[in-house]
Amino acid sequence: MNSARFPTTRSSIIDALSGDASARERAFGTVIELYWKPLYKSLRFKGTVSAEDAEDLTQSFFVAALEKTTLTSFDPAKASFRTFIRMLFDRHVANEWKSRTRLKRGGGATALDFDAAEQELSRDATASLDPEQYFEREWARSVFAAAVDRLRAWADAHQKQTQFAIFTTYDIDGDASYKSIAAQHGITEATVTNYLAAARRQFRAILLDLLGEVTASDREYRAEVRALLGKDAL
Amino acid sequence: MSWLSDDAVGRLRDIAEWPDFSGTRYTIRREIGRGGMGVVYEAEDGALDRPVAIKVLDNAVTTPRAAERMRREAQIVAGLEHPAIVPVHDVGELAGGRVFYAMKLVRGVTLDAFARDHGLPELVRVFLRICEAVAFAHAAGVVHRDLKPQNVMIGEFGSVLVMDWGLATSGDGEAFGGTPGFMPPDRAVDATADVYALGVMLRSLGAKLPRRLAAIANKAAAHEASDRYATAQQLADDVSRYVDGVSVSAYRENVAEKALLWLERNRALVAVLIAYIVMRVIVFLWIRR
């Protein structure tokens, strides 16, 4: 994570995916982290594919993308990376479905927790959403969740576990007051305020860096920030 | 990866979007406007215990160039001390490179909303104030470049304020820009660009402007820059002449119109004369009886 004054958005996803092995692996890891769940869940949301088939299709999509390097064909002039990957996934699902070829499961390097995704499907409020809106909403949830995970890792690495715990209690669980948090951690309310402000600052920087990692240009980065944080975001 | 509820996502979205003013003298209250580069919030200045408006660089554009541009905007506006230009109180930078500046909080309505329920004479007076503010900026070497009814506020007590100087330039080679419909066809970036936008704005104030006023609007929004008023001051002078009922440079009146103007201008004198003549006629008729 880079905590420079300005988010490091200018390292293009295209450069990273076509770069050396470690850069490629890192970039691919981030793509999987942000997109596997929205893709899997939106496929399940359509209601035409069983959980087992959706697992196969999601796994095989990322395996194929890694092996065939299809992600490097991304052209930022035509669409955002988010739109591109969704289009690739839809095409993959259509092709696989047509040939009825079942790929071996577990071919990817990353273990995807499909059971958790299935549980989330039953918890998500989906009334009045179409598949497009559902994907967008799950993409946002996925990006925020990935940023929270990175914040946790940052807190562990910098001995800021109390900051992260306060952030979790107040901003994620949303069911505590400054007073109760102060009592719980044996600190003053002013310290709670300062810890929360520091954690939030770090969270913002992480979130913007994360978006920077999966965009290819300043323009796309700005559009993604607006899509995620703008007033019209789902 | 942990699952986040919709409420948690909403809170995190607010946290990421809202500027972090902790450790400063300001407390953010609510968002009141959003432009291409910045978001404007109503805030409380804790040091002076007064409400202010704060423009903060948008999260999506926190590049060094955008930050520099925002600082320059604050400096340009702060350098324009005029009753119709919103005063800037402070400029600073938040964590993450979000530059902000604090200014007077203007409570009122934008000109397009104001125009919906006010008559032309009132609107022309407002327009004259706008021209004078822009002329003042031009005299200081500043071109606004984004004049439109939405960027003019009419305050609670009738004050007129030209807002959003985000595209303003002080003549150092800025690229062409603005709002479609208000940008000159010749892609000018000098004072004539503002004159053009003012002409379009004047046209928008009434479905059917009086002939002389329409001529002023047409001259200001002429296709060729050379056919426009050279400065906003010249435009202001012509509008002022229109308000005073004297001949304007943009329109050549015929004899009847000139006579009508003279009558309009000398209404009191004409009334006294008519009263005198009527009285004389009555006296004359009474004597002849």
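The points below take up the fold of one chain, then a pair of helices, then the contact between chains.

1. Please keep in mind throughout that this is a predicted model. Chain A contains 10 helices and 0 strands, and its order along the sequence accordingly reads α-α-α-α-α-α-α-α-α-α.

2. Of the 234 residues in chain A, 38% count as buried. When contacts in chain A between residues at least 6 apart in sequence are considered, 73% of them join residues that are at least 24 apart.

3. One helix pair deserves a separate look. Helix α6 of chain A, residues 131-157, and helix α7 of chain A, residues 161-173, have axes that come within 8 Å and cross at roughly 155°. Angles over 145 degrees count as roughly antiparallel, and α6(A) and α7(A) are therefore roughly antiparallel to each other.

4. The residues that join these two helices can be named. From α6(A), Val148(A), Leu151(A), Arg152(A), Ala155(A) and Asp156(A) meet Gln161(A), Gln163(A), Phe164(A) and Ile172(A) of α7(A). Sorted by class, this contact of α6(A) with α7(A) comprises 5 nonpolar, 2 polar and 2 charged residues.

5. Between the chains, 25 residues of chain B are in contact with 29 residues of chain A. On the side of chain B that touches chain A, the largest share is supplied by helix α1 of chain B (residues 6-17), which contributes 10 residues. The residues on that side of chain B divide into 12 nonpolar, 7 polar and 6 charged.

How values were computed:
Residues numbered from 1 in each chain as written. Chains lettered and ligands numbered in written order. Predicted model: local features only at pLDDT ≥ 70, side-chain atom pairs only at ≥ 80, totals over all residues. Axes fitted to C-alpha atoms, helices over the stretch in contact; angles between N-to-C directions. Helix = DSSP H or I, 4+ residues; strand = E, 2+ residues; numbered from the N terminus. Parallel < 35°, antiparallel > 145°, perpendicular 65-115°, else oblique. Contact = placed C-beta atoms within 7 Å. Nonpolar A, V, L, I, M, F, W, Y, C, P; charged D, E, K, R; others polar. Buried ≥ 20, exposed ≤ 12 C-beta atoms within 10 Å, placed from the backbone.
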